[in-house]
Structures are given as C-alpha cells and as structure tokens.
Amino acid sequence: MIVGLIVACEAGFWVLLAAGLAVRYLLRWRRTSVALLLGEPLLEVVLFVATAVDLKNGAAPGWEHGLAALYIGFTVAYGHHTIRLLDGHAAHRLAGAPRPPKPPRHGMPRARHEGRLWLRTLLAAAVAAALLQAAVWYVGDPDAVGPLRSWQWTALRITVIHGLIALTYLLWPKKAPAAAATRSKEGRTLSGR
C-alpha cells in the first residue's frame, strides 16, 4: 500500500505541476495555478498520515516506510526548487519571458552552486532522519525498527557522498575552456571595455 502511495504522490506531483503551469501560462489563470501548486504539499501530508496509520495498525516497519520518509525529505528540500526551475522554463517557452539562467559551469560559481545543492540534500536527509526517528519512537520495539534505522544510515550515506562530490568542485574547480576565455578577452578589447 505504501509503495503504491509513494508512486501516486510522485505522479501527482508532476501532474499538479504540469497542470499548474499550463493553467498559469496557457489560460492565464494565476489564482487557479497557485491553488494547484499549493496542492502539492498536501500529497506529502497524505503520505505521512498514511505511513503513520499503517504503522499504528500494526504493520511491521519495512523498507517502504523508510522510502516514504526519504521521499518526503526529498520533496521538502527539492520540491520548491524544482517548481521554481520549471516555472522559469515554462515562462520562457509559453509566455515569452527571458530564458532562465543556466547553472554556472566553471570555477568558484560552480562550486557555490554545488554547495547549495548539497545543503538541499542535507536538509532532505535531516527531514528524513527526523521522520524515521519519530517512527522508531512510535513503534517502540527495538527489535522491529531495523529497516527504519537502515534508512537513516542510507540518508547519511547519500549526504556524505553528495558532500564529497560537491567538495571536489571546490578543491578542483573546473576551468573555463581556453577558447572561451580568449573570445571573452577579444570581445572586451574590440568593444573598448
């Protein structure tokens, strides 16, 4: 039941997002769009309540309960960011807005970008770990909570791995290609700047 609900929440997220953006930019119904987009956090509330009810009704804590916590954590940390990113692309394609800026590709700006993404992953892991800890306390049986503890370690491993990847952008920043740097210098010289 929980796995099906996770799949339904993920599908619902994308359906509400597509509907909200279509209503906003194709029909120009801004308030309806906001209402649709505000419906997305309700999906996570439904998943949270269903998981709690499943555990209350005596279900043995399993991997699906841990996956639900990780999904909720990811949505809390990355949901708004994803909506904002896709809103910018929809505004560009459907409403003639300027193209949204691409993430930086080189140097310290790229390292800062990767660091901000890692902070989102850290938030996702913290939310998931807190939900999992609450489930451990809720279940109360130390012998039955192994799968929940396992997901806490998974959240920690994800955070550490992503942190190490983000750190590589800081320690070994990718340099801009030489041709682009030369063109940039030439452009400044020719324009008199």
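In which helix does Gly 163 lie? Hold that thought for a moment, everyone, while I say what we are looking at.

This is a predicted model, where local features need pLDDT of at least 70 and side-chain atom pairs count only at pLDDT 80 or more, while totals for chains, interfaces and linings use all residues. Residues are numbered from 1 along each chain as its sequence is written, and side-chain values use heavy atoms, with hydrogens and water left out.

Back to the question. Gly 163 lies in helix α6, which covers residues 146–171. When I say helix, I mean a DSSP run of H or I with at least four residues, numbered from the N terminus. Gly 163 counts as buried because its relative accessibility is 19%. Here are the cut-offs: buried means under 20% relative accessible area, exposed means over 50%, and partly exposed is in between, with a 1.4 Å probe and protein chains only. If you look for Leu 94, 69 residues away along the chain, its C-alpha atom is 36 Å from that of Gly 163.

Let's stay on α6 with Ile 158, which also has its place there. Ile 158 is partly exposed, since its relative accessible area is 41%. Between Ile 158 and Val 127 there are 13 Å in space, C-alpha to C-alpha, and they are 31 residues apart in sequence.

Now for the surface around this helix. Met 108, Trp 153, Leu 156, Val 160, Leu 164, Leu 167, Leu 170, Leu 171 and Trp 172 make a nonpolar surface patch of about 940 Å². Which helix gives the most to the nonpolar patch? That is α6, with seven residues. Met 108, though, lies in helix α5, and Met 108 is partly exposed, given its relative accessible area of 37%. A patch takes residues with over 30% relative accessible area and no salt bridge; nonpolar side chains (Val, Leu, Ile, Met, Phe, Trp, Tyr) are joined within 5 Å, and like charges within 9 Å. The areas come from the Shrake-Rupley method with a 1.4 Å probe, and for residues only the protein chains shown count as cover.

Arg 93, Arg 99, Lys 102, Arg 105 and Lys 174 gather on the surface as a patch of positive charge. For the counting, Lys and Arg are positive and Asp and Glu negative, while His and the chain ends are not counted. Each charge is placed at NZ of Lys, CZ of Arg, CG of Asp or CD of Glu. Arg 93 is exposed, because its relative accessible area is 69%.

Next, salt bridges. The rule asks for a side-chain nitrogen of Lys or Arg within 4 Å of a carboxyl oxygen of Asp or Glu. How many salt bridges does this rule give? The count comes to two. In one of them, the side chains of Asp 87 and Arg 24 meet at 3.4 Å, N to O. This pair links distant parts of the chain: Asp 87 is in helix α4 and Arg 24 in helix α1 (residues 2–25), 63 residues apart. Asp 87 counts as buried because its relative accessibility is 19%, and Arg 24 is buried too, with a relative accessible area of 12%.

The side chains of Arg 110 and Glu 114 also meet in a salt bridge, at 2.9 Å, N to O. Both residues lie in helix α5, four residues apart, about one turn of the helix. Are they buried or exposed? Arg 110 and Glu 114 are both buried.

The expected span of a helix is 1.5 Å times one less than its number of residues. Helix α5 (residues 107–139) has 33 residues and should span 48 Å, and its end C-alpha atoms are 48 Å apart, so the two agree. Just after α5, Gly 140 takes a positive phi of about 80 degrees.

Another positive phi, about 65 degrees, belongs to Arg 28, although Arg 28 is not a glycine. Where is Arg 28? Look in the loop between α1 and α2 (30–38). Arg 28 is exposed, as its relative accessible area of 55% shows.

One last stop: Tyr 78, whose place is in helix α4. Tyr 78 is buried, with a relative accessible area of 12%.

Terms used:
Helix = DSSP H or I, 4+ residues; strand = E, 2+ residues; numbered from the N terminus.
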